[in-house]
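Me: Hi! Could you walk me through this one? I'll ask as we go.

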Amino acid sequence: MMIPARHMPSMIVRNNAAAYGSSSALSLGQPNMLDNQQLQQALQQQHLLDQIPATTAESGDNMMRGRASDDPLGDEFESKSGSENVDGVSVDDQDPNQRPSKKKRYTRHTQHQIQEMEAFFKECPHPDDKQRKELSRELGLEPLQVKFWFQNKRTQMKNQHERQENSQLRAENEKLRAENMRYKEALSSASCPNCGGPAALGEMSFDEHHLRIENARLREEIDRVSAIAAKYVGKPMVSFPVLSSPLAAARAGASPLDIGVGTVYGADADIFGVVAAAGAGELLRGAVQPDAGKPTIVELAVAAMEELVRMAQLDEPLWNAPGLDGPAETLNEEEYARMFPRGLRPKQYGLKSEASRDSAVVIMTHANLVEILMDVNQYTTVFSSIVSRAATLEVLSTGVAGNYNGALQVMSVEFQVPSPLVPTRESYFVRYCKQNSDGTWAVVDVSLDSLRPSSVLKCRRRPSGCLIQEMPNGYSKVTWVEHVEVDDRSVHNIYKMLVNSGLAFGARRWVGTLDRQCERLASVMASNIPTSDIGVITSTEGRKSMLRLAERMVMSFCGGVTASAAHQWTTLSGSGAEDVRVMTRKSVDDPGRPPGIVLNAATSFWIPFSPKRVFDFLRDESSRSEWDILSNGGVVQEMAHIANGRDHGNCVSLLRVNSTNSNQSNMLILQESCTDASGSYVIYAPVDVVAMNVVLNGGDPDYVALLPSGFAILPDGPAGGGIADGGVGMGGSLLTVAFQILVDSVPTAKLSLGSVATVNSLIACTVERIKAAVSGESNPQ
């Protein structure tokens, strides 16, 4: 059969160039004669060459599928292959004259050894050298064998988790795909609302269509705000200069993003203050337009977010580094004014600036931290020692994509210090949450007081909040910025140094409280009972119920010890009791509080001993009889102990007071002690024996009646901050003592003077006992 060379298949010529390309006849393009046998051999060779890549790829896919399969033998193969080269010698390092052994030897562990290591792995998947040596000695293995077993076990567990996650993601993907198909079918059959015919969406996506509708609605809102502002700004009584306001830009047709956000956030924000005053709060009260103020709030929040992120990331010269014993980083006011010239309006007369920054790595994921900050109930629970009251007034946006990215809400919050001598700070602000392009999350607060008419402004929040960065193993790095302008002239003299240092309301207190509460939440969510827990708790349900009861006790204590605007304190007059303040509450239909009239009594004083010494003395059950009058000198025994933090002082205890009088029954006391860099608490409450047994068995703790009392221990100022009047600032403590006592079980009864005198005498005697006991304990022997 004669085939011209130029008509031959290109693959034959290319792959057999060595055989046919050397012929001079072929190079001249002359025809070449090939018999059938040669042609068939050439085709077979080409067919084998073409099969090689496909076979390799197919075998590689099969190998990968085999490793990703659910076959337990595959896992065992991976575990063995990871520990074959026990001596750590590679093939290249071996002696070429020495022939490697063809058969590799494996050492199988006994069933007992595997069971022991499995049990140890559940408690500690990452043993240190000491633990591995001890375990190898008990099981008769080499430490290196134990090390490799734990490595392989961790790898096996990781593979199992990945397979589970893959299956879940695969199921979610199928669900989303089905949902997407339904949306496509709905869009294909959509009709025009005007003509009733088929809708011509063209190539526009579903999301883009909704964004255009939202954009049109926002433009209408901007036009309404522009009309309201023009109505009042144009009046002769307006004396403020109107230059290039964002309202004028909006009237000129600029989009919200083209409007100078810094301008709205800057000096021209006075325009909105004038509008609010002239219009009697029309922007937010909704007398004319319900949502007229929303575009202004959105622009204010966006600008505040930009400022917060910069303040959280920049260092010197914007922030002054803390000293050796300084509380936190402090703000350079001159540098701040230069970097952010268009911030909120100038500081009002009588207000002073407080700004601080602090950071910490906490044991909580970024998603859970964001949820705590955006959910007002979780926010008040976690920060119960700082937040006395909080309310979400309006939710402007719930976020997108099923999370809080873009969430925007107007809030009213009251911040507190645990003492009746420090007034609370009320703030009205917008809270905005955003996920940044680098993956970090930020939550910012900025005051809206300029949009709300107020006769006296005592606290204004400049951009404050936190930047959250995801860390490995479920941790997060939190950088907190606290920046306020406040009138603190009503603060008592003994607390002035603490407040001025930023320890009372600053970033260090927020970060310290968050770190401590994250450790507490991790303890609550523990699936097993740690070895550090002792006593009568035998189940995880009982442990969680007891921790929930202690959490409610702490919240009740913190809510009844501060100078909140919602509380009306009465100062008792008389010799030696001028600093004792009392307050009455009526308890009706509250399952967590006994019915009747409850008398709160609190006093704060300075004591010349360090906060740690005072805290350790008050939380120690062995020294309780020295100050607790209600224990009647009985012996106090700790029946249960739950550790909920790295510090040994962070714990919940169940105490039993063994009365010396045989006619009196023993008393149970629930106590929680907690401490961090900003302060310490020892809070306790008598509990009923029957109710406590229900809690220890996992029952609902919300129906246990509590009247908490206790102590709040704060430093008297920054360490080494100098000496102020009365010795405050010498490293002493500011101690607040508070009692809640049921004086009458009838809610409608009137409070008798005898009850007040009894409580007054009780708190005064307790204070004297504490001073004497701590003083005697600190004297050198």
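**Around Asn 405**

Reply: Happy to start here: apart from residues up to four places away in sequence, Asn 405 touches Gly 399, Val 400, Cys 433, Lys 434, Gln 435 and Trp 441, where a contact means heavy atoms within 4.5 Å. This is a predicted model, where local features need pLDDT of at least 70 and side-chain atom pairs count only at pLDDT 80 or more, while totals for chains, interfaces and linings use all residues. Residues are numbered from 1 along each chain as its sequence is written, and side-chain values use heavy atoms, with hydrogens and water left out.

Me: Where is Asn 405 placed?
Reply: Asn 405 sits in the loop between strand 6 (387-397) and strand 7 (408-415). Helices (H or I, at least four residues) and strands (E, at least two) are DSSP runs, numbered from the N terminus.

Me: And what does the side chain of Asn 405 reach?
Reply: The backbone nitrogen of Gln 435, at 2.9 Å. As for Cys 433, which is 28 residues along the chain from Asn 405, the two C-alpha atoms are separated by 5.8 Å.

Me: Switching to cysteines: how many disulfides does the structure hold?
Reply: It holds 0, taking a disulfide as a pair of cysteine sulfur atoms within 2.5 Å.

Me: Is Cys 674 buried or exposed?
Reply: Buried, at 5% relative accessibility. Buried means under 20% relative accessible area, exposed over 50%, and partly exposed in between (1.4 Å probe, protein chains only).

Me: New topic: how many salt bridges are in the whole structure?
Reply: A search finds 26, each being a side-chain nitrogen of Lys or Arg within 4 Å of a carboxyl oxygen of Asp or Glu. In one of them, the side chains of Glu 118 and Lys 153 meet at 2.9 Å, N to O. Glu 118 lies in helix 6 (residues 111-123) and Lys 153 in helix 8 (residues 143-188), so this pair ties together parts 35 residues apart in sequence.

Me: What about Arg 338 and Glu 335?
Reply: Their side chains also form a salt bridge, at 2.4 Å, N to O. The two are 3 residues apart in helix 15 (residues 333-339), about one helical turn. Arg 338 is exposed at 56%, whereas Glu 335 is buried at 13%.

Me: And how buried is Arg 624?
Reply: Arg 624 has 1% relative accessibility, which counts as buried. Arg 624 meets Asp 628 in a salt bridge (2.9 Å, N to O), and Asp 628 is buried as well, at 5%.

Notes
Polar contact = N/O pair within 3.5 Å; in protein donor to acceptor, adjacent residues only side chain to side chain.
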